[in-house]
Each structure stands twice: as C-alpha cells, then as structure tokens.
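Thanks for coming, everyone. I'll take you through one model, chain by chain and then contact by contact. Here it is on the screen.

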Amino acid sequence: MLGIIAIALAIFPFVSDSRTWTILLTQIFIFSILAMSYDILLGYTGIVSFGHAMFFGMGAYTTAVMLKRIDPTMGTFILSIGVGMLLAALISFFIGLLTLRLKSHFFAMLTLAVSGLFLVLAEKWRTVTQGNDGFTFKAPEFFKDRIMFYIVVLAILVLVYIFLRRFVNSPFGRVLVAVRENEQRTRSLGFNPLHYKVIASVVAGVIASLAGSLYAVSLRFVNTSVLTMDITLDALLMTIIGGVGTLIGPIVGAAIIELTQHYLSGLAKDYPIFERWIIFFGIVYILAVIFFPKGIVGTIREKLWKRSTKKDAPKSVPKKEDL
Amino acid sequence: MELLINLTINGLATGMLIFLLASGLTLIFGLMSVLNFAHGGLFAWGAYSGIWFYTLTGSFFLGILFALITGLVLGFITEKLIITPVYGNHVQQILITLGFMLVLTELLKVVWGPNQMAAKVPSYLAGSWEIGDVLIIKYRLFIIFVGFLIFGIFQYMLQKTKIGLVVRAGVMNKEMVQALGINIKRVFLYVFMAGSALAALSGVLMAPYSGVIYAEMGFEFAILAFIVVVIGGMGSFPGSLLAAILVGLAGSYMAYYVPALSLAVNMMLMAIVLIFRPQGLFTAKG
Amino acid sequence: MTTLLKVDGIHTYIGQYHILQGIVFEAREGEVSVLLGRNGAGKTTTLKTIMGLTPASKGSVTFHGRDITKRPTYETANKGIGYVPEDQGIFGDLTVEENMKVAMRKEDEATLARQEYVLELFPDLKTYWKKDGGHLSGGQKQMLAMARAFVHDSKLLLIDEPSKGLAPIVIEKVMEAINEMKKTTTIVLVEQNFIMASRIGDRYTLIDDGRTVQAGDMQELIHDEELKRKYLGIG
C-alpha cells in the first residue's frame with residue numbers, strides 16, 4: 001500500500017508538468033522527515049522539546065555554508081549532510097545528557113532557551129550567516145532540474161521512514177515506549193531511561209538536521225528563520241494533527257498542513273482573513289490535544305483495531321491524576 | 001556614576017515588568033503544576049487592549065483598567081477552556097498552552113491588524129527629572145513604583161489573608177488542602193485570573209516604555225519570564241521578584257557593556273540554574 | 001448505636017493496579033474502628049477512597065445516610081470527615097497557627113472553643129505556636145495533623161497510622177489524645193501497632209489483598225490467636 005503510493009509519487013512529476021506541485025510536494029517530503037524525527041521524541045519517547053529547530057537549522061546552515069564556501073557539487077552536498085548530522089549528533093548528545101534528567105516542564109523550557117541561544121548566535125555571527133538577511137547559494141548542477149531533486153528527496157523520505165520504522169520496532173524502540181508509559185517501572189526493570197532518552201534525542205536531532213540540509217537546497221537560500229520557533233511549531237502541529245506515536249501520522253500531518261497552508265494563502269489574496277490561517281491550525285491543534293490526543297492516524301488506527309479485537313478490559317479505570 | 005544610575009533604573013524598570021509577568025506564572029505553576037506557555041499571549045493582549053482603550057478615551061488610567069479587565073476575562077476563559085480539560089497530564093498541558101499562545105497571538109492580529117501600534121507615555125508621566133547630573137525618566141520610576149506596589153499588595157494578601165494562606169498551603173500540598181474542605185480548583189481559577197491580570201498589566205505598562213507594540217512581543221517577553229521563574233524557583237513569589245530584578249539588571253548592564261552577550265546572558269543564567277539547581281534559587285518547601 | 005460511615009464493596013484502581021477489590025466496613029457513632037492488615041493490604045487506599053482522593057470505580061461510601069462515593073474531596077471534608085494522612089500532610093512553610101487556620105471553616109466562637117480544647121490536649125502546639133510546621137518533631141507533626149482535622153469540626157476522623165515512627169512515650173501521648181477525642185468524635189484508625197490498636201479500638205476490620213476478610217469486636221480478636229497469626233503475623 002505505502003509502496004504503491006511511493007511509486008505513484010515517484011512517477012508523478014513525469015506525467016504532470018506542474019512546477020508548483022513538484023515544489024509543493026518536495027516541501028511536504030522535507031517536512032515529513034522533520035515531523036517524523038520530532039515524533040521519535042514526542043510520540044515514542046514522550047519528551048516535549050521546544051528546540052527542535054536548532055537541529056534543523058544546523059543542517060540547513062551547514063549545507064548552505066559548505067555549498068557556498070567550497071563548491072556547489074554533489075560531493076560537497078553529501079559531505080555537508082554528513083557534517084550537519086555529525087554536528088547535530090554531538091550537540092543533541094551533550095544537551096540530552098545534561099537536560100533529559102529534568103522534568104518535562106524544565107526540559108521544554110531549557111530546549112526553548114538553548115535553541116534561542118543558537119538563534120542569537122546565528123544572528124550575531126554575521127560573517128558566516130549574514131544574520132537575518134541570509135544569503136543565497138548555488139545548488140549542485142544535478143539539482144538544477146527540480147524533478148531530480150524531487151526524486152532524491154522522495155527517496156530519502158522512504159529511506160528515513162524504513163530506518164525509523166525498524167528503529168521503533170526494534171527492542172530498543174520498545175523500551176522507548178516503555179519509558180514513555182512508565183519511567184519508574186522501566187527503571188526498576190533494569191533499563192536506564194536516561195540512556196534511552198539520550199539516544200532517542202540523538203536520532204531525532206540527526207534526522208532533523210538531514211531535513212534542514214534538504215530544506216536549504218530546496219530554497220537555495222538560508223537565513224535565521226530556519227532556527228526560529230516557527231519551525232519547531234510546524235513540526236509540532238504536523239505531528240499532533242497527523243498522529244503521535246505513528247510514523248505515517250507526521251507524514252499525513254505534513255501533507256495536510258502544507259496543502260492547507262498553500263490553499264489558504266491562495267485564498268488570502270481575496271479574503272485577508274485567511275492570512276491568519278495559523279489560527280485555524282491552532283484551534284484544530286488544541287481540539288486534537290483535548291479530544292484526539294492520538295491525532296488522525298492514531299484515532300483511525302484505534303477505531304480499526306477496536307473493531308477487530310474486542311478488548312476485555314475494565315471499563316472505568318480511573319486515570320491517575322495530579323489532584 | 002550617572003551612567004550606572006541610569007542603567008540601574010533601566011534594569012529595575014525592565015525587571016519589574018518581567019516580575020509582573022513572572023509572578024502569575026510562578027503562582028500558577030506552584031499551585032497546580034501547570035506551566036502556562038500562553039502567558040505571554042495574555043501579556044500582549046493586555047498591551048493591545050489597554051493601549052486601544054487609552055487611545056479611545058485619552059486616559060492612560062482607564063487603559064490600564066481595561067487591560068486588567070481583559071486579563072481577568074481571558075484568564076477565566078483560558079482556565080476553563082484550555083487548562084481544565086488537561087489537568088494532571090503534563091505533556092498535554094505543555095502542548096495545549098503552546099497552541100493557545102499561537103491562537104492568542106494570531107487573534108490579536110485579526111482584531112487590531114498585523115502592524116505595529118504606537119504607544120505614548122501620558123503627558124503627566126512624560127519627561128524626566130534632573131537630580132544633579134542625573135536625568136531620571138519619570139515613566140521608568142512609575143513602573144518601578146507600580147511593581148513594588150503590586151508586590152506589596154500580593155505579599156500582604158499571601159501572608160495575611162485566608163485565601164493567601166490557602167494558596168501558600170496549596171503550593172506545598174494540594175491533597176491536604178482539599179482534605180481540609182477547600183475547593184482547590186476554585187482557588188486555582190482565582191489565582192489563574194489574578195496571574196493573567198498581572199500579565200496584562202505588565203503588557204500595558206510595557207507599551208509606552210518601548211514605544212511600539214506588536215503581536216510577537218508576548219512570546220519574546222514570556223521567555224524572560226520563564227527564565228525568571230526557573231531562576232527564582234517555581235512557586236516562590238518573592239523569588240520571582242528577586243530573579244526578575246536580577247534578569248532586568250543583567251540585561252541592562254550587558255546591553256551597555258557587552259552588547260553581544262545581552263541576549264544570551266539570561267538564557268545561560270537559566271541553563272546554569274537548571275543544571276545545577278533545578279529547583280531554583282528559592283523554593284517553597286513541601 | 002447508629003452507623004455513621006458505611007463502605008460497601010468498593011473497588012479502587014491506582015493507575016492500572018487494582019488495589020481495592022471489595023472492601024466492606026462500617027464505623028458506628030462514638031466508637032473507634034480499627035482497620036488492620038499487612039503492609040500493602042489496602043488500608044491507606046481505603047481511607048483515601050473514602051476521602052475521594054483515589055475515587056472508587058465500583059461500590060459505595062455512605063456517610064450519615066448520604067452517598068458520598070463520587071463527591072469531590074473538599075465536599076466530603078465539609079460534610080464532616082477529617083483526614084490525618086500517613087505523612088501528616090503538614091504545610092511546612094506555614095506556622096502552627098497558620099496550619100490550624102487553613103483548617104478552620106469559619107473563625108467563629110465554636111471553632112475557637114474547639115481550638116482551645118484541642119490545644120489543651122496538645123500543649124506542645126501552644127508552645128510552638130509561631131514555629132514553622134516543617135521544623136516540628138515527628139510527634140508534634142502528628143499532633144498538629146490531628147488537631148487540624150479536629151478543629152475543622154469533623155464528626156468522623158480518619159487517622160492513618162498515628163504511631164508510625166514515633167517514640168513509645170510519644171505514642172502514649174497520641175493514644176491519650178485519641179481516647180479524649182473519642183468522647184466527641186467517631187474515629188477510624190489504621191494501625192500496624194496491634195498493642196495500641198487493641199487498647200483503644202472498639203471494633204476491628206481485617207483487610208487482606210484489598211478485601212475485607214473479617215470484622216467484629218476488638219475483644220474477640222484479642223483472643224483469636226489463629227486470626228492474628230494468619231493475617232497480622234503475630235501471636
């Protein structure tokens with residue numbers, strides 16, 4: 001099923017010559033990668049990070065700077081992805097080690113602050129980043145054709161999906177879910193939750209950096225916006241609306257949000273109210289958090305699962321509350 | 001000397017604005033373990049609604065009053081609609097309040113337009129006094145005065161009244177407060193509304209201080225308030241005053257002496273506190 | 001004597017754990033009823049379920065003939081049930097005086113008279129009136145917790161292991177106080193210390209694995225060596 005969709009998407013640019021659609025779909029693929037990486041944290045490990053943009057930005061800047069300073073070739077491009085991922089791995093490892101011991105509130109705030117630091121750094125270090133103005137650069141010759149880039153990004157998306165699916169279905173991934181469900185108990189079973197959380201955050205950071213590298217090349221331009229809270233918010237909205245704790249969810253979420261955004265900003269030319277499209281997502285997001293905490297994919301999956309297996313569980317198990 | 005005094009007054013004034021924002025945040029967290037990421041939205045709403053009403057009526061005082069009412073009403077709505085449905089689930093709380101922040105910010109643009117809005121200091125607070133060589137801007141002193149006044153009022157309420165006693169007891173042990181016959185959810189609603197009103201007050205006072213207001217100011221300023229809450233200790237009211245002054249002064253001195261570091265210094269301060277003393281410098285005991 | 005509190009077949013889950021699986025017991029007016037059982041049998045959870053802190057999913061709790069199973073904790077408290085938790089729940093940053101004040105529903109004469117009365121019972125509290133609750137000794141905390149529940153004008157006091165971690169001489173004082181309070185208030189006591197329980201209890205209820213296994217007169221239990229050995233590990 002998923003294979004068929006992937007193949008259909010791969011053939012798409014050859015049968016349709018809509019440039020807009022090729023670009024839009026490329027964008028969706030890139031954000032799908034980012035959202036999936038975010039879901040490793042939020043959905044599988046139960047960590048709320050408000051600093052995911054820093055890894056995305058790290059990848060974007062590494063690739064942009066290397067393509068501009070060295071040369072715009074495929075080799076440099078691939079090398080820059082590797083360098084970006086390595087940087088992201090190192091930084092997420094150290095940040096994780098220092099902060100993942102903290103409770104969720106503190107962790108969320110600390111990641112917010114650290115990514116804020118990176119944003120400040122990028123704004124001040126103008127010799128390299130040119131601050132908020134940003135800079136343009138040349139993409140490798142091979143990507144001059146948008147369709148080639150489209151295919152490459154799609155292929156990377158498929159690979160990342162397969163890799164992450166293996167990752168979350170592995171014994172390691174199951175421990176992550178156990179950490180999310182009950183950290184105390186996981187610890188008493190002899191697993192060190194910190195160890196697992198740190199590795200999850202490294203994987204998430206590395207994949208986010210990859211998405212950032214692709215994003216920079218897709219625009220052939222980079223500025224500090226890749227490090228802002230908006231990027232983290234996008235990942236968050238996509239993951240929540242699409243469905244946390246599934247890998248398809250974030251992809252669906254990315255598609256929905258990018259498409260709606262595209263459509264609504266088209267409408268905004270006639271009706272200025274649609275410039276505020278983010279309100280719409282904000283409300284959907286809030287409703288999703290309250291009523292469908294599993295998102296679109298999670299909710300559908302649950303419905304199907306319930307229909308096929310009659311669950312024999314106590315009906316009114318009261319939730320453990322803080323009060 | 002003159003410079004130092006001015007930098008200090010500057011820092012104190014900023015510190016007081018941050019304190020007004022952070023004090024509500026810290027009480028809400030202390031009492032209900034809710035970290036309200038939408039708090040900055042209430043700040044921005046206070047600024048816009050207050051300045052709008054001030055421009056309409058010509059009275060800054062009425063503007064402040066209107067901002068306070070906006071804060072109370074929005075606080076009530078936020079607590080009922082956003083906070084109550086996800087009591088007890090930290091991850092959901094973080095997610096939902098952040099989402100609400102987004103909605104509040106965008107709604108602001110729908111109501112008052114996406115552009116910046118100018119805000120003037122009222123004539124009776126404009127200008128400055130000259131004491132010796134030192135020029136002291138009146139409005140900054142006014143902010144400092146209001147900050148200490150609010151601190152005094154709240155401190156009195158917390159220490160001397162029954163509701164204050166209940167709030168302090170609730171910060172330490174929620175279960176026990178309920179077992180003594182107190183409806184803590186109602187107490188929490190009051191605290192949430194009061195905290196929101198303080199955020200709105202902070203916003204409307206901030207407006208003439210910075211001269212312009214814009215929708216994203218809530219988010220930018222809220223980060224400072226979060227830093228203050230962490231440094232001061234979650235749930236500690238006096239702690240938030242001291243930490244706010246610290247952050248205000250550090251920002252003010254740094255902006256002058258080491259401008260490159262001015263934005264980063266507070267975040268580094270918070271990171272250090274979180275890593276080495278995650279309970280904050282001042283804490284309410286259980 | 002009339003039944004003041006009736007617990008009928010309650011089931012309580014904490015998280016996914018089925019802690020109470022059908023607790024039945026009664027507290028009669030003017031008596032001291034003792035809940036006995038091993039560690040982890042469900043005694044503390046029973047008290048918490050009565051208070052609505054860990055709500056029951058099945059069964060009912062009736063107080064004064066009114067169903068309070070689903071009532072929020074504060075309503076239950078205001079109907080006249082006072083709660084002294086195992087950890088005493090003292091507000092550490094509040095003084096003894098302030099701890100008492102939180103518990104007062106009104107500051108009328110009757111309440112102040114009750115406060116006077118309870119301070120006679122625990123003169124230590126008077127001595128440390130302005131001291132922070134967190135700085136009291138274990139015994140003083142226990143006394144403060146009991147005084148606080150009493151001043152709230154409770155017709156029924158739920159006291160969870162008042163002797164835990166206290167020196168014998170302090171236990172003696174606490175027992176005296178319970179005996180004195182008994183004159184005006186019905187008491188439900190959770191107690192591991194059987195000697196203490198047998199001395200002040202009128203009736204007992206034995207709990208094991210979240211279920212009531214036996215209930216009756218304390219005097220009967222004192223002489224029933226087999227029951228004591230089987231469920232309490234003594235005798």
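Let's start with chain A, which has 14 helices and two strands. Keep in mind that this is a predicted model. How does the radius of gyration of chain A sit against that of a compact globule? For 323 residues, a compact globule would come out near 20 Å, and chain A has 20 Å, so the two agree. Along the principal axes, the C-alpha atoms of chain A fill a box of roughly 60 × 45 × 40 Å. Of the 323 residues in chain A, 45% are buried. Now the contacts in chain A with a separation of 6 or more: 79% of them come from residues 24 or more positions apart.

On to chain B. Here we have 11 helices and four strands. The radius of gyration is 19 Å, close to the 19 Å from the globule rule for 286 residues, so chain B is as compact as a globular protein of that length. The C-alpha trace of chain B spans about 60 × 45 × 35 Å along its principal axes. Buried residues account for 53% of the 286 residues in chain B. For contacts in chain B with a separation of 6 or more, 77% are between residues 24 or more positions apart.

One local feature in chain B, a hairpin. Strand S2 (residues 128–131) and strand S3 (residues 134–137) of chain B pair in the antiparallel sense, over four bridges. Take B:Trp129: its bridge partner in S3(B) is B:Ile136. What lies between the two strands of this hairpin? There are two residues between S2(B) and S3(B), and B:Gly132 takes a positive phi near 65°.

Next, where the chains meet. How many residues does each side bring to the contact between chain B and chain A? Chain B puts in 35 residues and chain A puts in 32. On the chain B side, the elements giving two or more residues are helix H4 (90–112), helix H9 (217–232) and helix H11 (262–276). H4(B) has the largest share of that side, with 14 residues. By type, the chain B side that touches chain A splits into 27 nonpolar, five polar and three charged residues.

Now chain C against chain B. In this contact, 20 residues of chain C touch 19 residues of chain B. Helix H2 (73–78) and helix H3 (96–103) of chain C are the elements that give two or more residues to the chain C side. That side divides into 10 nonpolar, six polar and four charged residues.

Stay with H3(C) for a moment. Its buried residues are C:Val96, C:Asn99, C:Met100, C:Val102 and C:Ala103. Around the axis they cover an arc of only 155°, which puts them on the same side of H3(C). What do they pack against? From chain B, helix H6 (162–172) and helix H7 (174–179); from chain C, helix H4 (109–121), helix H5 (123–127) and H6.

H7(C) has 14 residues and reaches 20 Å from first C-alpha to last, close to the 20 Å expected at 1.5 Å a residue. Its buried residues are C:Val174, C:Ile178 and C:Met181. Turned away from the buried side of H7(C) are the exposed residues C:Pro168, C:Ile169 and C:Glu176. The buried residues of H7(C) pack against helix H6 (138–151), strand S7 (156–160), strand S8 (186–190) and helix H8 (194–200) of chain C.

Last stop, a sheet in chain C. Four strands make an open sheet in the order S2-S1-S4-S5, with antiparallel pairing. Which strands sit at the edges? Strand S2 (17–28) and strand S5 (66–67) of chain C, as each pairs on one side only. Strand S4 (residues 58–63) of chain C and S5(C) run antiparallel, joined by two bridges. In that pairing, C:Thr62 stands opposite C:Asp67 in S5(C).

That's the tour. Over to you for discussion.

Key:
Residues are numbered from 1 along each chain as its sequence is written. Chains are lettered from A and ligands numbered from 1 in the order in which they are written. This is a predicted model: local features need pLDDT of at least 70, side-chain atom pairs count only at pLDDT 80 or more; totals for chains, interfaces and linings use all residues. The radius of gyration is taken over C-alpha atoms; the globule rule is 2.2 Å times the number of residues to the power 0.38. A residue is buried if 20 or more other C-beta atoms lie within 10 Å of its own, exposed if 12 or fewer, and partly exposed in between; C-beta atoms are placed from the backbone. Two residues are in contact if their C-beta atoms, placed from the backbone, lie within 7 Å. Ala, Val, Leu, Ile, Met, Phe, Trp, Tyr, Cys and Pro count as nonpolar, Asp, Glu, Lys and Arg as charged, and the others, Gly among them, as polar. The expected span of a helix is 1.5 Å times one less than its number of residues. Two strands pair if DSSP finds at least two bridges between them. The arc is that of the directions from the helix axis to the C-beta atoms.
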